[in-house]
Structure formats: C-alpha cells, structure tokens
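Please read them with the structure open.

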Amino acid sequence: MSHKLFRHSMLSDARVWAFLKRVDAAETETCRAAGCPRCGGALHSATYPRKPYGLSADLRDDARRFSLCCSVCRRRVNPPSVRFFGRRFYVGAVFLLVSALALAGSVRLQTIARRCGVPASTLRRWRRWWQEIFPLTREWRAKRGALAAPPGEALLRWLLGSMRGASFRSRLLRSLVWLMPWTGFCTLGAGPGSPAESVSFMNG
C-alpha cells in the first residue's frame, strides 16, 4: 500500500531509501564481524523480504530486511535498522512521524488516521508504547542522559525537535540513527540488545 502522508515526500525518493539501505548494510557488517551475541559463532547472511507500509510500490519491491544466522546455534540475529522499527508493519520514518502527531494531543486520533492512512487503533498502540513502554526500556535508561528532556515532555517529540540539522529531513534521519538500538538484537556493534517488541505486547 502507498502511504498517504508520504506519497509525494522524501520517502518516495529512491535516493533517500538507498541511503537508509546503506546505513543498514553497514550496521549489518558491524554485527557480522562481532559474531553471534549468544555463542560467538560466525554469522551468515539470512536476509528476508518485507512489504512495509509507507513506501511507493516500486520501493517496496526492494525492501529486504538485513538479517544474520549463526553457523553454530542457528539463532537469527536482526541488526539494528533505520528502515524498519522492529516488526512493525510501517517503515521507521512513518512510525516516528505519525507517532509524534499522535503524541501532540492537539489533534484527534481519528483526524490523524484519516489524513495519514494509519488506523486509529494502531495510533493508540503506538502512543501507549512511547508513553508507557519506551521510558522503561534498557536502551532508554542507557541513553537518556544524552537528552535533557523536560519532565512531562513527550520524549519522541522532544527527540525530533532537539536533533541537529539544517533541514527537517536531516533531523529525521539523525533521529532514526539515534533510535537504532530499539530496532534490532545486535545493538550498534555492542552486543545483544532487546528489540522494541520484546518489552511490549504491541506490534503493527
């Protein structure tokens, strides 16, 4: 499906998607070099296709999730990603931006759902994850010192607004990179980490 909000934006730009893919590929090689985080065995390629929501049809055909498989214990390792946020159906950029709208509180979820093409039930799950699950994650406890977020501030909205960058696109890309530890098992080459869904019952 083509996403209403981004049909004519940067996510329809093949160059942007290619850049994000290169970031994912580089992180995959870092994870491969580190070996299996569970047993230390060699990791081999085990990529698989995804059909994420939020991309034009031609880009969806090239949306493969970089993944690795241990040659010893045969367990899968999904490296962090700037394209995909865990197992969620929408690409990472859509998940971040639409979540930020849902967290604003000034616009009804039904209005956001109609304008962005994301069901209101999904928006409620996303909002609850950012408000209740995200602050409890191990990754947030490790990284929250890097952001001096005011008490009571919606963390995602503060993150998007505090990132450096001359344009909104650059700030969004920096935010995707900053949030990579929540998206895979091999956290930025630093060993095993928890995917977002491992601390939540929410997918989608």
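**Notes on the model**

1. Start at leucine 43. Leaving aside neighbours within four places in sequence, leucine 43 is in contact (heavy atoms within 4.5 Å) with Cys31, Arg32, Gly35, Cys36, Leu68, Cys69, Cys70 and Val77. Leucine 43 belongs to strand β1. Its relative accessible area is 5%, so leucine 43 is buried. The cut-offs are under 20% relative accessible area for buried, over 50% for exposed and partly exposed in between, with a 1.4 Å probe and protein chains only. The C-alpha atoms of leucine 43 and cysteine 70 are 4.5 Å apart, and the two residues are separated by 27 residues along the chain.

2. A word on the basis. This is a predicted model, in which local features need pLDDT of at least 70, side-chain atom pairs count only at pLDDT 80 or more, and totals for chains, interfaces and linings use all residues. Residues are numbered from 1 along each chain as its sequence is written, and side-chain values use heavy atoms, with hydrogens and water left out.

3. Overall content. The protein has eight helices and five strands. Both are DSSP runs numbered from the N terminus: helices are H or I of at least four residues, strands are E of at least two. The order from the N terminus is α-β-β-α-β-β-β-α-α-α-α-α-α. Of the 204 residues, 49% count as buried. Among contacts between residues at least 6 apart in sequence, 65% join residues at least 24 apart.

4. The sheet. Three strands form an open sheet in the order β1-β4-β5, with antiparallel pairing. β1 (43-45) and β5 are the edge strands; each has a single partner strand, so one side of each lacks a neighbour in the sheet. Two strands pair if DSSP finds at least two bridges between them. β1 and β4 (residues 68-70) pair in the antiparallel sense over three bridges. Histidine 44 has cysteine 69 in β4 as its bridge partner.

5. The helix on the sheet. Helix α1 (residues 14-34) lies across β1 and β4, and runs at about 145° to β1. Axes are lines fitted to C-alpha atoms, for helices over the stretch in contact, and angles run from 0 to 180 degrees between N-to-C directions.

6. Asparagine 78 lies in the loop between β5 (76-77) and α3 (92-104). Asparagine 78 is buried, with a relative accessible area of 12%. Its side chain makes a polar contact with the side chain of serine 67 (2.7 Å). A polar contact is a pair of N or O atoms within 3.5 Å; within protein, one must be able to donate a hydrogen and the other to accept it, and residues adjacent in sequence count only if both atoms are side-chain atoms.

7. The aromatics. The whole structure holds 17 aromatic pairs. Rings of Phe, Tyr and Trp (its six-membered ring) pair if their centres lie within 6.5 Å; planes under 30 degrees apart are stacked, over 60 edge-to-face and the rest tilted. Tryptophan 140 and tryptophan 178 pair edge-to-face, at 6.4 Å centre to centre and 65° between the planes. This pair links helix α6 (residues 138-143) to helix α8 (residues 168-178), with its members 38 residues apart. Tryptophan 178 also stacks with tryptophan 182, at 5.8 Å and 25°. Both of these are buried.

8. Charges over rings. Lysine 143 places its charged end over the ring of tryptophan 178, 4.2 Å from the centre. Arginine 88 lies over the face of tryptophan 129, at 4.8 Å from the ring centre. The criterion is NZ of Lys or CZ of Arg within 6 Å of the ring centre and within 35 degrees of the ring normal.
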